[in-house]
Amino acid sequence: MKKTAIVAALTLGLAVIGASLGWHSSATAQQKLSLADMSANSAQWVMPAGDYANIRHSALNDITADNAKGLKIAWQMSTNATRGHEGQPLVVGNTLYFESAYPNHVFAINLDDYHIKWEFTPTQDAFAVSVACCDLVNRGVAFGDGLIIANALDGKIYALNADTGKIQWKANNADPELGQTVTSAPFVVAEKNRVIVGVSGGEYGVRGYVTAFDLHSGAKVWRAYSEGPDSDTLMGSDFTGPHNAGVNTWHGEQWKIGGGTTWGWYSYDPKLDLFYYGSGNPGTWDPSARPGDNKWSMTVFARHPGNGHAVWAYQMTPHDQWDYDGVNEMILADIKVHDQQVPALVHFDRNGFAFEIDRRSGKLLLAEKYDPSVNWATGFNLANGKPNENPEMATREGKNTKGICPASIGAKDQQPASFDPQTGYFIVPTNHWCEDYQPFASKYKAGFPYVGATVKMYRGPGDYGGALIAWDPNTGKIVWSDHEHFPAWGGVATTDGGVAFYGTMDGYFKAVNTKTGELLFSQKMPSGIIANPIVFSHGGKEFVATMSGVGGWAGIGLAAGLTNPTAGLGAVGAAADLGHYTTLGGDLTVFSL
Amino acid sequence: MRVLRLIGWALCAGAALTLPGSRPVAASAAAGAPLVFCADPAYMPYSDRSGDGFENRIAAVVGRALDRPVQFYWRSMREKDEYGEFITATIQAKKCDVLVDVPYALGDVKTTRPYFISSYVFVYKKARAYDVTSLDSPDLKRLKIGYEGETPVQMGLKQRTLILGSKLFLTADNESASPQDIVAALESNKIDIGLTWDPAVGYFLKNRPDLVTVAIANTRSQGYPEQFTFPMAMATRVHDAGLNAALNHVIATHSSELQAVLRQYNISFSTPTDSGE
């Protein structure tokens with residue numbers, strides 16, 4: 001009883017502070033802080049993906065397909081960090097918040113006069129730098145009940161007073177010494193008082209998990225592992241899938257290093273009270289060493305945020321042989337699939353297939369290639385949800401399998417797509433690389449541990465590196481496609497003005513017509529873009545903001561200073577000419593008409 | 001504890017019935033019954049028949065903690081080049097019950113929680129002051145490299161075409177080789193820098209302040225993951241859950257003694273911390 005009283009008092013206190021800061025425009029909002037309601041106000045961008053459904057769409061319509069060519073840079077600032085910037089700012093009230101790449105500076109900027117309200121840089125375990133897999137990226141802060149939640153690379157979670165930047169609480173979600181880091185954005189379900197945080201590091205013997213912390217206190221509430229017995233994976237009695245598959249689809253103890261990390265974009269359906277996220281690749285890159293389906297790696301999960309219990313889980317790539325992490329954004333949209341209206345979850349997976357799933361039940365409705373070059377499978381069996389695999393593209397110990405499409409970076413990585421309710425299209429930034437893949441035995445050779453694999457990536461057929469595409473979810477077909485020289489590693493935002501915004505690794509920020517893909521506007525930026533644009537208004541004027549600062553997996557060669565890559569190796573080789581187009585350096589740029 | 005003891009006795013009885021005439025096997029968790037460790041009789045610094053290896057000392061800590069006499073079942077890890085053969089012929093064959101130094105989640109056995117984390121390292125003369133932190137460090141291109149074969153460092157060197165002209169050491173394949181050989185090669189300037197597993201070489205650097213080690217960073221610079229840091233654990237047979245739990249308890253309650261042994265053998269390590277468990 002005492003606890004409840006304290007929480008109530010805290011909530012009230014925060015509500016009062018919130019009201020005094022002008023976060024809420026109505027008296028009802030002050031009584032019950034609802035993040036969902038706040039996200040409906042298109043002046044703000046209060047969640048990393050804009051709203052719980054992850055559609056990254058703004059109802060603002062001052063910038064249109066007709067006038068977008070008149071966009072100008074309104075203001076800019078340096079992030080004081082040089083590595084890959086994969087995140088996006090938030091706008092809450094009159095303040096813009098963003099987090100840089102490592103060392104993870106967090107800034108609060110007053111939009112009235114651009115002065116820095118506060119700045120926060122965590123003290124970090126520097127060891128995290130050496131275990132971070134794909135550059136030292138960060139995917140942004142989250143907001144909830146007067147707090148800015150910021151994840152640091154070393155796994156610490158900071159809850160900062162949104163007004164002062166003062167630490168309200170601090171929690172721990174990873175151990176860099178075990179190869180664990182945190183690069184993803186926290187996911188706040190404010191209505192359920194939860195901060196949900198994933199983990200990175202599937203390559204270095206991590207067993208993936210998501211942890212829920214109490215939004216007010218930072219106390220750990222539950223943790224759900226991707227592998228292990230039902231008691232670890234939190235599959236309750238109402239779970240619709242097979243029980244204890246997190247152990248019995250593995251050989252021996254392999255599930256303990258089962259991978260299945262959780263570093264992508266989460267979404268939430270308040271009506272069903274389910275949140276959705278994906279798990280990454282199974283432990284070692286050597287598939288011969290881990291026979292079985294390796295559940296629940298490569299899986300879409302639907303869980304209750306309150307207790308973490310899973311309702312359904314769908315594994316997209318059983319027994320992964322290509323590192324096709326299933327972590328990409330889970331977009332919730334009520335759409336027609338084969339002319340049937342359905343509350344859907346739409347997910348463009350690394351494995352090159354777009355999955356359209358009934359988000360109530362997990363039933364697979366459609367799975368189609370969104371890059372024609374995909375060749376590891378010919379399609380999916382909708383009845384049992386399994387891929388029809390192409391045996392020629394299977395990988396195994398000691399064999400160099402050539403010409404696999406997509407490459408391990410996927411037909412799309414974490415760079416999030418947007419759903420445009422006006423056209424009904426998903427606007428999707430994609431990669432177009434293929435690869436040769438050779439796994440090596442994982443073993444312990446009289447005192448010397450070893451795991452490994454080698455991969456050689458190169459541009460796919462047609463000699464382009466990526467594309468921005470429009471996807472019709474009803475038919476499962478590409479409507480239009482704009483090719484890019486490099487993987488389109490930046491996310492997308494769409495607006496009711498009929499415009500889609502995105503940035504490219506060679507350093508252009510672009511606006512295109514959502515209906516046709518026609519280029520409307522292009523601005524060369526200080527560095528390549530792997531971040532996600534947001535749209536907000538201030539003083540009645542519409543703004544579009546993005547960070548630039550190249551890096552990430554596809555840009556690791558440049559980011560890590562590998563200026564003289566050995567030809568044809570991994571991502572370094574495929575993006576070896578990136579240095580001819582751009583250099584490192586983080587900044588925030590805001591555009592307006 | 002009472003339950004464990006009963007199960008232990010039952011297992012003991014079972015073993016005696018099915019293996020008449022064989023030497024008693026300590027599958028028991030009962031206090032007082034000997035606990036048998038699998039070890040190489042001549043592979044310093046790991047283990048030695050005289051009890052001088054760090055695995056011997058770790059075994060002693062475990063034995064004391066469980067109040068059970070320590071016995072060793074000796075077999076070379078290196079006479080066949082697969083560690084898997086060693087496992088099959090020792091712990092799987094119930095000749096012994098515990099391994100104390102295996103990578104966490106190694107297959108075919110049940111590992112405990114990791115009790116230390118170590119790394120492949122660069123070893124070189126301190127006076128040379130090389131700037132090396134990863135296999136991508138430019139200094140490596142101008143150095144004469146010695147490396148332990150069939151390890152992640154070998155693959156890393158190969159992928160960066162640094163392997164040509166580098167000197168191969170195959171300690172794990174050859175009973176007459178020692179992890180010390182790479183140190184001797186540094187001493188005689190046959191190589192400028194050695195790449196090997198820290199726990200293998202640390203012991204031989206104990207009185208060598210002129211030599212320095214630097215951990216090789218895990219990286220994804222080549223596109224795919226390269227892992228040079230590994231959590232290390234103890235292990236039992238897969239179904240020996242009682243003994244496995246007992247070892248986990250020892251790891252939880254005797255960490256300072258276990259770490260003292262590692263330090264005594266000059267192993268650079270970190271310990272897994274609680275990541276909000």
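**Questions on a predicted model**

Me: What makes up the domains of chain B in this predicted model?
Reply: The domain assignment gives domain 1 as 2-115 + 233-264, and domain 2 as 117-229. Their contact takes 7 residues from domain 1 of chain B and 7 residues from domain 2 of chain B. On the domain 1 side, 3 are nonpolar, 1 is polar and 3 are charged.

Me: What span is expected of helix α2 of chain B, and what does the helix reach?
Reply: Helix α2 covers residues 54-66, which is 13 residues. The expected span is 1.5 Å times one less than that number. That gives 18 Å, and the helix reaches 18 Å from its first C-alpha to its last, close to expectation.

Me: Why do β37 and β38 of chain A count as paired?
Reply: Pairing needs at least two bridges. Strands β37 (541-548) and β38 (587-592) have 5, so they pair, in the antiparallel sense. One bridge joins A:Ser548 and A:Asp587.

Me: What makes β2 and β36 of chain A edge strands?
Reply: The open sheet runs β2-β38-β37-β36. Strands β2 (72-78) and β36 (534-538) each pair on one side only. The twist averages 25° from one strand to the next.

Terms used:
Residues are numbered from 1 along each chain as its sequence is written. Chains are lettered from A and ligands numbered from 1 in the order in which they are written. This is a predicted model: local features need pLDDT of at least 70, side-chain atom pairs count only at pLDDT 80 or more; totals for chains, interfaces and linings use all residues. Helices (H or I, at least four residues) and strands (E, at least two) are DSSP runs, numbered from the N terminus. Domain bounds come from an automatic or database domain assignment. Two residues are in contact if their C-beta atoms, placed from the backbone, lie within 7 Å. Ala, Val, Leu, Ile, Met, Phe, Trp, Tyr, Cys and Pro count as nonpolar, Asp, Glu, Lys and Arg as charged, and the others, Gly among them, as polar. Axes are lines fitted to C-alpha atoms, for helices over the stretch in contact, and angles run from 0 to 180 degrees between N-to-C directions.
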